[in-house]
Amino acid sequence: MDNQNNTISMPRIGEKAPSFKAVTTQGEINFPEQYEGSWVILFSHPADFTPVCTSEFMTFATMEEKFEKANTKLVGLSVDGLYSHIAWLRTIKEKINYKGMKDVEVKFPLIEDITMEVATKYGMMMPGESNTKAVRAVFVIDPKGIIRTIIYYPLSLGRNFEELYRVVIALQTADAFSVATPADWQPGDDVIVPTAGSCGTAKERMENKKDMTCYDWFFCTKKLDKDTVLKTVLKK
Ligand code: BEZ
């Protein structure tokens, strides 16, 4: 908090994820240091024992193995206390049968943040939406602890977890192959090669396209097959 201006600073894409120690449903964590070498999705939800959040946790928990194969760990947070978290996760496992998901065990850590210290640090509190509940924030953090993607949703809107998976795979693909990914990209779709940085390269691209498709000198794509992408980003 910047007291003079009464503004809250928020971490930004490209910056180191702010460090914190926290109590979670899986014991204490030292974030992001103990996650070095893995991708992490740190996400907040407004409150335990609420319907949208319950649907989200069930969906995320059933996809945990899929994220694990993409070297990605999940860490949740709300401003509820530890015993509320434990009771809610037990209720989900024991009682909730939703869209074919039942007996769902949430194995990833859920941070207790009654003091709102972590939520404030990460800009998860948005008073225009709620003074007492975190919004649905998503931080995708790379193996070096750098924030690579930030997405926010309001209280009423459940997230699309297939999109979060797509984000992780697209970021890993961009890193591994030095490419960018176009709108709606999925593994197997063409990828974007870096824009020509000189007049000579721009000319060459337009005259001698090699293995590229150029829509103009600044917009060229190339093939990158699905198997190559998945073999690179997914653990065996
Ligand atoms: C929900 O998860 O259902 C929810 C939480 C806070 C406000 C509105 C909805």
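I began at Leu 110, which is found in strand β5, residues 110-112. Helices (H or I, at least four residues) and strands (E, at least two) are taken as DSSP runs, numbered from the N terminus. The model is predicted: local features need pLDDT of at least 70, side-chain atom pairs count only at pLDDT 80 or more, and totals for chains, interfaces and linings use all residues. Residues are numbered from 1 along each chain as its sequence is written, and side-chain values use heavy atoms, with hydrogens and water left out.

**Entry 1: Leu 110**

Is Leu 110 buried or exposed? I found Leu 110 buried, with a relative accessible area of 0%; buried means under 20%, exposed over 50%, and partly exposed in between, with a 1.4 Å probe and protein chains only. I then listed its contacts (heavy atoms within 4.5 Å).

**Entry 2: nonpolar cores**

I next looked up the nonpolar cores, each a set of buried Ala, Val, Leu, Ile, Met, Phe, Trp, Tyr and Cys residues joined through side-chain atoms within 4.5 Å. The largest has 38 residues, and those touching the most other members are Ile 41, Phe 57, Phe 60, Phe 67, Phe 108, Val 140 and Leu 164. Among the elements that each supply at least two residues are β3 (39-44), α1 (51-62), β6 (136-141) and α7 (226-233). Helix α5 gives the largest share, 8 residues. Where does this core lie? Domain 1 (20-159) and domain 2 (178-233) both give residues to this core, so it lies between them.

For Leu 164, I set aside residues up to four places away in sequence and noted that it touches Ile 41, Phe 60, Phe 67, Val 138 and Ile 151. A second, separate core of 22 residues includes Phe 31, Leu 77, Ala 119 and Met 124.

**Entry 3: domains**

The bounds of the two domains come from an automatic or database domain assignment. I recorded 35 Å between the C-alpha centres of domain 1 and domain 2.

**Entry 4: the ligand**

Which residues surround the ligand? I listed Pro 46, Thr 50, Pro 51, Val 52, Cys 53, Lys 133, Arg 136 and Leu 155, where a residue counts if one of its heavy atoms lies within 4 Å. Helix α1 gives the largest share of this shell, 3 residues.

I then checked polar contacts, for which a pair of N or O atoms must lie within 3.5 Å. A backbone N or O atom of Val 52 is 2.7 Å from a ligand oxygen atom, and a polar backbone atom of Cys 53 is 2.9 Å from an oxygen atom of the ligand. From Arg 136, a polar side-chain atom lies 3.1 Å from an oxygen atom of the ligand. The ligand taken alone exposes 270 Å², and the protein buries 78% of that; these areas come from the Shrake-Rupley method with a 1.4 Å probe.

**Entry 5: backbone details**

I noted a cis peptide bond joining Phe 31 and Pro 32, with omega about -5 degrees. Pro 32 lies in the loop between β2 (27-31) and β3.

Lys 99 has a positive phi of about 50 degrees although it is not a glycine. This residue sits in the loop between α3 and β5 and is exposed, with a relative accessible area of 70%.

Ser 178, likewise not a glycine, has a positive phi of about 50 degrees. I placed Ser 178 in the loop between α5 and β8 (191-192); its relative accessible area is 52%, which is exposed.

Key:
A polar contact is a pair of N or O atoms within 3.5 Å; within protein, one must be able to donate a hydrogen and the other to accept it, and residues adjacent in sequence count only if both atoms are side-chain atoms.
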